[in-house]
Amino acid sequence: MAIEKEKRFNYPKIVLAIVLTVLIWVWADLAVDETYTFTGAVIQITRPSRENLWVSFNEQSSIEVSEVTVVGPASRIADLRRQINEGTLDFRFFFDPHQEGMTEPGPYTLDVLNLLRQSDIFARQGLVIKSCEPSKVPVQVVGLQRRELDVIALDEYNNRLEADSIEPTTVEAFVPADWTGQMLNAFVRLSDREIEQSVVTPVRKRPYFQLAPGWSRTIEEEVAVRMAGERERLLPHTVTAPVVGFVMSANVQGRYEVELLNREQVLSAIRVLGSEEAKRAYENRRFQVLLEIADGDRQSQGEEIIRRDLIYNFPQDYLRQEAIELNQEPVSAQFRLVPIERPE
């Protein structure tokens, strides 16, 4: 009987040994900290609680934190690295100017490191933020004034539409006090379907304006846009890869070479308003734009830069019918006349 008792397993001791082993491994993992640096974190400004304030990072609504360094157990660092590689973590942090005490116009400094440490993103991962770059960034708070903005209708490609009516023609919004002229514009963008619909019944939309490139604000008040029926066929088009022709007299032809200095701009796509038929006829022309070379240009001797607006070579029949027109500012060509050396 004694021999049988010795052969029995002592299960409590085995379980205790396993638990102790696991605890030792966990303690060992937690005791060894690793450091990991990653990129791609972004700080986004939330809209200020006061409508008459504009808070920005040098007129940008967000900034990128180029480097964030975290410290934590090796297993947690490994998990973080895996999630970053899989793209399952969104390192977008929101900055509330009101919570940071930035409630009056003026220059401020944001403590980026402190902002990141306040987030629970890393706390949930069991990690601590050690450092970041930049650690502080300047913030500008600008006071805005309520002003009237003229409403302009655009198509999907940002071409201006000649609306029959826009009601109301102006809307109010808070904008920088020093804005003047074309800065005081608000826009409504219409799709092709909405343009067609607006001929029958006005299309109601909320206009927007741009505080800075890539940063717009939408106005709460709606406007009603209606297009004139007789202009229903004048839809926006873009004519790509135009061909330029040179118009010159025999005094210039064969004796001088035209050196275009802004060729890329001269050959850029052309925005027009017109019927589909007129647009096709324009595309089928041998030259879509013409550049006139005057006899007097020879006096430049190839040294002086000559500037002259391009002529848009629209088909005359469609011009007389008012079925096509330019929908952009004319491009000004810059060129030189270089004498052609003839062999003696």
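Strands here are DSSP runs of E with at least two residues, and helices are runs of H or I with at least four residues, both numbered from the N terminus. The close-ups below come from a predicted model, where local features need pLDDT of at least 70, side-chain atom pairs count only at pLDDT 80 or more, and totals for chains, interfaces and linings use all residues. Residues are numbered from 1 along each chain as its sequence is written, and side-chain values use heavy atoms, with hydrogens and water left out.

**View A. The second largest pocket, with S12 giving the most to its lining.** Strand S12 (170–176) contributes three residues to this lining, and strand S16 (215–218) also supplies at least two. A pocket is an open set of points on a 1 Å grid over the protein atoms alone, where a 1.4 Å probe fits, with protein on both sides within 12 Å along at least five of seven lines; lining residues have an atom within 4 Å of a point. Among the lining residues to look for are Arg47, Glu51, Arg146, Phe174 and Phe209. The volume, the space filled by probe spheres set on points joined across faces, edges and corners, is about 180 Å³.

**View B. The largest pocket, of about 450 Å³.** Its lining has 16 residues, and Ile152, Leu154, Asn158, Arg160 and Gln182 are the closest to the centre. Strands S9 (136–154), S13 (185–189), S21 (270–274) and S25 (324–326) each bring at least two lining residues.

**View C. The largest nonpolar core, with 31 residues.** Such a core is a set of buried Ala, Val, Leu, Ile, Met, Phe, Trp, Tyr and Cys residues joined through side-chain atoms within 4.5 Å, where buried means under 20% relative accessible area and exposed over 50%, with partly exposed in between (1.4 Å probe, protein chains only). Ile43, Phe57, Val68, Val70, Phe95, Leu110 and Phe122 touch the most other members. Helix H4 (residues 112–118) provides the largest share, four residues.

**View D. Val68 and its contacts (heavy atoms within 4.5 Å).** Beyond its neighbours within four places in sequence, Val68 meets residues including Tyr36, Phe38, Leu116, Phe122 and Ile129.
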